[in-house]
Structures are given as structure tokens and as C-alpha cells.
Amino acid sequence: MTCFSCGGQTAPWTHMPLDPIKGTENTHKDFVVCTECGLGAVSPMPSSEEIPSFYDTAQYYTHGQSHLAEVNPTLLDRALHHIAWRFDKGQSLDPERIAKDLPPGASICDLGCGGGELLGRFKPLGFNVIGVDPDAAARAEAAKAGITVLAGTCEELPADLKGQSYDLVIMSHVLEHCRDPSLALQKAFFLTRPGGMLFCEVPNCAATHFKSLGVCSAMFDAPRHLHFFTPACLRKAISLSGFTFSSFQYMGYTRHHHASWRQWEASIYDRTRQYTAHPLGRRHTVLRSIQLLLSTALASDEKKYDSVAVYGRRPGAPERAPV
Ligand SMILES: [Zn+2]
């Protein structure tokens, strides 16, 4: 298998025999990493026909439910969470802030929008919004909120979007789910009008948290995550699709210091041991939480945050209406 992004050679990386959300055996358990650019991928890549069954779970978060159980935090848990919060300078996609970079009444397309939560925050600001999602339950959820969401994926866009272009195309925690991220980004490129903007967010596989816990990190999420990006891999992928890199934005720090998150990750390790005596990931213990906090509170954004987004622009001036 060669790397989709740079064409480099891949080498064996890791192994995950558990589907943590379903709690059953993961049959796509082997992963490779590109020796040139560091992009990770499941290998062999599952077929397009197999992928929908990965999402056949009542608890998957596009349906608005969380797999994290409520945990009564101890005094130490509260202290760790509070310290993480004090050092958290992460920024999510903020409709009010990004509105300043968009023309009034700009058009926005969210690919893989789930129930349309993000579009529901853009719409009251006067934007024309539309979404795409393969999940019928998520589309029904969006329809209740008055958001139009078409059936499709990034790789197979709905026919209704043919010839359409948008001022902002959003792909939030979508690219890592795509069989063919380069095809998905090419489609996103042609959906972005010349001069328009791409926002693409993925789990940050260069984060200390991800590297420390490995396959037992909540962000690994086999078999739904098919590709594993570092910020450099993400930047390279959007550039290869024709976008000009603008900037990175990082988010997700306080949440992975929450007792519920730690308990979930500890349970991933414990349940992985039903399938292998030696999981290739570590257990998220209280001691590890303390170590992670000490080693990341003042670290670079790339090491600190569990998610990274890239802003890109499609080259070309926006078309102006004749005066
Ligand atoms: Zn590569």
C-alpha cells in the first residue's frame, strides 16, 4: 500500500482488535504509517460497501448521544480539570468570528454536517447554509431545525450540488472517515468558489495525548477512522488538492482531562485486553492524566490539542456582479 497523500511507502504501524463504540471485535485491525510523511491508515482499506456497517450503532455521536458515562469527579479530578481549563487556549470554529472574513449573506456548505448543529449557528447570522450527510437519522434531525441536508458523502456529492459553489466549505471531523481523502478534498475544492475558504478539522495525531495512549485514545476510534493526520499531513493534503494554506487552528484540551473521558479511555484499554494480552496502547490512569497535564500545559499547540483545523483558500479572485 502506498500513501494516498505523498505516494510514499508505508510500513506496519499498529493493531487494534476492538471497536470501542460497539464493544465488539474490530475486523479491520491493522494500520500502516507512511515512512515519508507520517500519515496513518487502516490496511487493507475496507470497501465502500463495508463502511456503512461501522456506523450501525445507537450511540454514535452524529445521533446526538454520547458514549461517555457520567462520572462523579474526585477532588483530584476537579483540580486536574480546572488546571487544564486554565491553560486551554484552543479555538473552535466560531461563526461570529469567521463572519468577519465572509461577504454578507455568504453561502456555506458543511460536508458531513451530522444533525446540522454548526449550520444552525451560522443560519441566524444571515448566511445561506446547506449540508451533506450520509446518515438519514442525522438529516431528519437537521430538517427539524429547518436546515437542508442532502444525502451524500464528500466523495460522492449529491447531484443537486453539481455546478454549485460556496464561500465557505466546512469539513469538521470528516476527512479521517473518508476512504479517499484526496478525492474528498478535490470535490471540496470544486465546491469552493474562487477566492473562497475551506475549513477542515481532524483529530491531531501529533498530540502527546494521542501518541501516549495510541489505539486506546478516544481519538483513534477504529474502524470509523480510516486515516490519521498530523498537522503537516493535513496541510500537505489540502495543498495537493489545490488549496492555498492560510493557517492552523487548534482545539480540544480541557475535555480530555475530564474524568468521564479518562474512564472511557481506560475502558477501551480494558476491553481491548479481551482480544489481545498486550494492547498496543496505554491505559489512561489518573497518574497518566497528571503526566499529560504536566508535559502539555505549556507545550506547543501541535503537542497540546487533540484536534487541528486548517484554513485554506481556493486561489482566484471572487467574481463580482457587474456594477
Ligand atoms: Zn505519505
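Modeller: Arg255 is partly exposed, with a relative accessible area of 34%; here buried means under 20%, exposed over 50%, and partly exposed in between, with a 1.4 Å probe and protein chains only. This is a predicted model, in which local features need pLDDT of at least 70 and side-chain atom pairs pLDDT 80 or more, while totals for chains, interfaces and linings use all residues. Residues are numbered from 1 along each chain as its sequence is written, and side-chain values use heavy atoms, without hydrogens and water.

Arg255 forms a salt bridge with Asp306 (a side-chain nitrogen of Lys or Arg within 4 Å of a carboxyl oxygen of Asp or Glu), and the closest N and O atoms of this pair are 2.4 Å apart. Arg255 sits in the loop between strand S12 (244-251) and helix H8 (259-272), whereas Asp306 sits in the loop between H10 and strand S13 (307-313), so the pair ties together parts that are 51 residues apart in sequence. The helices (H or I, at least four residues) and strands (E, at least two) are DSSP runs, numbered from the N terminus.

Asp221 counts as buried, at 3% relative accessibility. The backbone at Asp221 has a positive phi of about 45 degrees, although this residue is not a glycine. Asp221 is placed in the loop between H6 and S11. That loop, between helix H6 (208-213) and strand S11 (227-228), also holds Pro223. The peptide bond that joins Ala222 and Pro223 is cis, with omega at about 0 degrees.

Back to Asp306, which also belongs to the lining of the largest cavity, together with Pro203, Asn204, Ala207, His209, Phe210, Ser217 and Met219. On a 1 Å grid over the protein atoms alone, a cavity is a set of points where a 1.4 Å probe fits but cannot get out; a pocket is an open set with protein on both sides within 12 Å along at least five of seven lines; lining residues have an atom within 4 Å of a point. The space in the largest cavity is about 40 Å³, where a volume is the space filled by probe spheres set on the points, joined across faces, edges and corners. Over the whole structure, the search finds two cavities of 30 Å³ or more. The lining of the largest cavity has four nonpolar residues, three polar and one charged; Ala, Val, Leu, Ile, Met, Phe, Trp, Tyr, Cys and Pro count as nonpolar, Asp, Glu, Lys and Arg as charged, and the others, Gly among them, as polar.

Along with helix H2 (95-98), S12 and S13 each supply at least two residues of the lining of the second largest pocket. S12 gives the most, with three residues. The second largest pocket holds about 150 Å³ of space. Its lining includes Ser92, Leu93, Asp94, Arg97, Ile98, Ser246, Ser247, Tyr311 and Arg313. By class, the lining of this pocket divides into four nonpolar, four polar and four charged residues.

Two of the residues in that lining, Asp94 and Arg97, are themselves a salt bridge, with the closest N and O atoms 3.9 Å apart. Asp94 is partly exposed, at 25% relative accessibility, and Arg97 is partly exposed too, with a relative accessible area of 38%.

How many salt bridges does a search of the whole structure find? The search finds nine. Another of them joins Glu25 to Lys29, with the closest N and O atoms 2.7 Å apart. Glu25 is partly exposed, with a relative accessible area of 43%.

His173 has a positive phi of about 55 degrees and is not a glycine. His173 lies in the loop between strand S9 (166-172) and helix H5 (181-191), and at 24% relative accessibility it counts as partly exposed. The peptide bond from Ser43 to Pro44 is cis, with omega near 0 degrees. Pro44 is found in the loop between strand S5 (40-42) and helix H1 (75-87).
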